[in-house]
Amino acid sequence: MTSPLLTRPAVLRRRTWWHTGVMLAVLLCAAYLGQRHWPVVESGADRLAVADQGWLLVGASAAMATWGCAALAQQGAVAERLPRTRLVAAQFAASAANHVLPAGLGAGAVNLRFLMRFGLPAARAAGALAVKAAAGALARSALIAVLAAACPGVLRLPHVPVTAVAGVLAVLVLVAVVLRGPLRSRCARVAATVGADIRAVHSRPQRAAALWGGSLAFAAAHSLVLIAVVEAVGLPLPPARVALLYLAASSAAALLPTPGGLGSLDAALAFALTTSGAPAAAAASAVLGYRLLTVWLPLVPGLLVLGVLIRRRAV
């Protein structure tokens, strides 16, 4: 049992040791991931060395822009004004953490800690993340609808077995029953908090514009990364089709929650590009280039930034 008579210097020393330990763990994780995936990074760099460097520069610029877009959307989900530099740094760190933990848990944890460090209560911080996630999903769906109308015949609805539909309905019924039980009041409080945050954000036009503009720009920037890499390796695919394939493949890959979509998104992108007429080798190079620009090159620097933010108690 901790003594209530601990002096403030002792508490500060304990916190310093704890933050130092977390930072060292992050650095070890960065070194491990870099060593483990170095062959992938090296082979990807060799394949892209003969690609169009101008288009690769466009792709790298779009990849860096995704952090600013994420920061803009996060600012739009909060009524209070957030510090810009630390907000962008937190998004850079969150993108790296997202490739360590599955289902967006890494990015969610970093952003949650950042908002709570800024002074938001845990409920409001979680509500802001929910608002941002909902806006991102709606923005992605809107882009898919627009691009699908512009590129008819590219997307085809898959055949869904009756057993799968029955399973989904059973899960929905089970969730409804659970929510009507002991969790009903807690879920009602969470929904009320999120609803209040949504009304507060949309009562300020600048915040609403940042939320929706940042969400749309985030999805568009990721699409532009793949478009640039496809152009760099010389695949004869229209940019609008490539963007539609990326958005559809990334949405499908989200159903399999792997860290950063590693494996699931790669397979979905490669399948989408090859079914659209791209040679298998060129499609693999395009996917590898996209991953190199969005994951492998910024991964270790992002984890280092995360360690610095933890050390400075910004997250």
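These legends walk through several close-up views of one predicted model.

The model is predicted, so local features need pLDDT of at least 70, side-chain atom pairs count only at pLDDT 80 or more, and totals for chains, interfaces and linings use all residues. Residues are numbered from 1 along each chain as its sequence is written, and side-chain values use heavy atoms, with hydrogens and water left out.

**View 1**
Start with the overall picture: twelve helices and zero strands. Here helices (H or I, at least four residues) and strands (E, at least two) are DSSP runs, numbered from the N terminus. Of the 315 residues, 39% are buried, where buried means under 20% relative accessible area, exposed over 50%, and partly exposed in between (1.4 Å probe, protein chains only). The accessible surface comes to about 16900 Å², and 71% of that belongs to carbon and sulfur atoms; areas come from the Shrake-Rupley method with a 1.4 Å probe, and for residues only the protein chains shown count as cover. Take the contacts (heavy atoms within 4.5 Å) between residues at least 6 apart in sequence: 76% of them join residues at least 24 apart.

**View 1**
His222 sits in helix α9, which covers residues 205–232. Its relative accessibility is 13%, so His222 counts as buried.

**View 2. Tyr290 in the largest nonpolar core.**
A nonpolar core is a set of buried Ala, Val, Leu, Ile, Met, Phe, Trp, Tyr and Cys residues joined through side-chain atoms within 4.5 Å. The largest one here has 34 residues, and Leu226, Leu269, Leu273 and Tyr290 touch the most other members. Helices α3, α6, α9, α10, α11 and α12 each supply at least two of its residues, with the largest share, eight residues, coming from α10. Not counting residues up to four places away in sequence, Tyr290 has neighbours including Val225, Val229 and Leu265.

**View 3. Arg124 meets Glu80.**
A search of the whole structure turns up two salt bridges, each defined by a side-chain nitrogen of Lys or Arg within 4 Å of a carboxyl oxygen of Asp or Glu. One joins the side chains of Arg124 and Glu80 (2.8 Å, N to O). Arg124 belongs to helix α6 and Glu80 to the loop between α3 and α4, so the pair ties together parts that are 44 residues apart in sequence. Arg124 is partly exposed, at 25% relative accessible area, and Glu80 is partly exposed too, at 28%.

**View 4. Asp266 meets Arg291.**
Here the side chains of Asp266 and Arg291 form a salt bridge (3.2 Å, N to O). Asp266 is in helix α11 and Arg291 in helix α12, so this pair links parts that are 25 residues apart in sequence. Asp266 counts as partly exposed at 21% relative accessibility, whereas Arg291, at 4%, counts as buried.
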